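Subject: Structure handover

Hi,

Here is the structure I promised to pass on to you.

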Amino acid sequence: SINKEADMLVAKAKANKEVFKYVVWYLTNQYETSNIMGMDAVFVHMVKNYYTRELATWVDSVQLYKIQERAKVLEPILLGKKAQNLTLEDTLGNYKSLYNVKAAYTVLVFWEPDCGHCQKSIPKIKLLYDKVKDKGVEVFAVDTETELDKWKKFIREKNINWINVADPNLHNNFRYEFDINTTPQIFLLDENKKIIAKKIDAKTLEDILEKKLNMTIDVVPAEEDKHAETH
């Protein structure tokens, strides 16, 4: 609905070059920086339709490429899109595939054991998992770093009994494909691995699952640290 209204505004603005430029820039910037989940879909729509060499004449080629590249990264992980498959090694060196996870809901979390915010968030997700794992919820947790000893030690100490995988030889491009610039990053997928929610904290994950499962969970503390660490 926002895309439709945005197109209408841009169409009216085309009569004046400067107004067109401002409206396109304003709408694109507004939704790229929105804190509301899902609004990046408007940014992608604006870039695909208006940030072209023919229309965005006020942007130089380098900046245009960066804007287009940003939209290219975000488009596959928009809400409603099917997440790309991940096939990574578990703690025993066996390969596990995201698409092979049979669950009504899959929590896809990217984290690493040295990340201070991960050290706080992962135990909270574990509390949540213990409450909902018998309700059709599975966790597919991806270690973003390559130091396996630290990863395995954290898993043992916190008794993390969900699907733990890593990419120790850097064969996978998930950091780019899922836009992982900070950790932790949490995605919630449905049974077909379509993205329901993304880049949320543990408390928001709990709130969404309460509604989806029609149950009271209430294990994650109300004050969730919403910051993530940049890597």
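A search of the whole structure turns up one cavity of 30 Å³ or more. On a 1 Å grid over the protein atoms alone, a cavity is a set of points where a 1.4 Å probe fits but cannot get out, and lining residues have an atom within 4 Å of a point. Grid points are joined across faces, edges and corners, and the volume is the space filled by probe spheres set on the points.

Before the rest, a word on the source: this is a predicted model, where local features need pLDDT of at least 70 and side-chain atom pairs count only at pLDDT 80 or more, while totals for chains, interfaces and linings use all residues. Residues are numbered from 1 along each chain as its sequence is written, and side-chain values use heavy atoms, with hydrogens and water left out.

The largest cavity holds about 30 Å³ of space. Its lining consists of Val107, Ile125, Leu128, Tyr129, Val132, Val137, Val139, Leu205 and Leu209. Two or more of these residues come from each of α5 (116-132), β4 (137-143) and α8 (202-213); helices (H or I, at least four residues) and strands (E, at least two) are DSSP runs, numbered from the N terminus. Helix α5 gives the largest share of the lining, four residues. By class, the lining has nine nonpolar, no polar and no charged residues. Here Ala, Val, Leu, Ile, Met, Phe, Trp, Tyr, Cys and Pro count as nonpolar, Asp, Glu, Lys and Arg as charged, and the others, Gly among them, as polar.

**Helix pairs**

How do α5 and α8 cross? Their axes come within 10 Å at roughly 15 degrees, where axes are lines fitted to C-alpha atoms, for helices over the stretch in contact, and angles run from 0 to 180 degrees between N-to-C directions. The two helices are therefore roughly parallel to each other (under 35 degrees; over 145 is roughly antiparallel, 65 to 115 roughly perpendicular and the rest oblique). The crossing of α5 and α8 is right-handed: a crossing is left-handed if the near helix is turned anticlockwise from the far one by less than a right angle, and right-handed if clockwise. Lys124, Ile125, Leu128 and Val132 of α5 meet Ala202, Leu205, Glu206, Leu209 and Leu213 of α8, with contact meaning heavy atoms within 4.5 Å. That contact has seven nonpolar, no polar and two charged residues.

Helix α3 (residues 40-50) has two entries in my notes. The axes of α1 (residues 2-13) and α3 come within 10 Å and cross at roughly 40 degrees, which makes α1 oblique to α3. This crossing is right-handed. Ile2, Asn3, Ala6, Asp7 and Val10 of α1 make the contact with Ala41, Val42, His45, Met46 and Tyr50 of α3, and these residues divide into seven nonpolar, two polar and one charged.

For α2 (residues 17-32) and α3, the axes come within 7 Å and cross at roughly 145 degrees. The crossing of α2 and α3 is left-handed.

**Backbone points to check**

Thr183 and Pro184 are joined by a cis peptide bond, with omega about 0 degrees. Pro184 sits in the loop between β6 (182-183) and β7 (185-189). Asn159, although not a glycine, has a positive phi of about 50 degrees, and it lies in the loop between α6 (148-158) and β5 (163-166).

Best wishes

Notes:
On a 1 Å grid over the protein atoms alone, a cavity is a set of points where a 1.4 Å probe fits but cannot get out, and a pocket is an open set with protein on both sides within 12 Å along at least five of seven lines; lining residues have an atom within 4 Å of a point.
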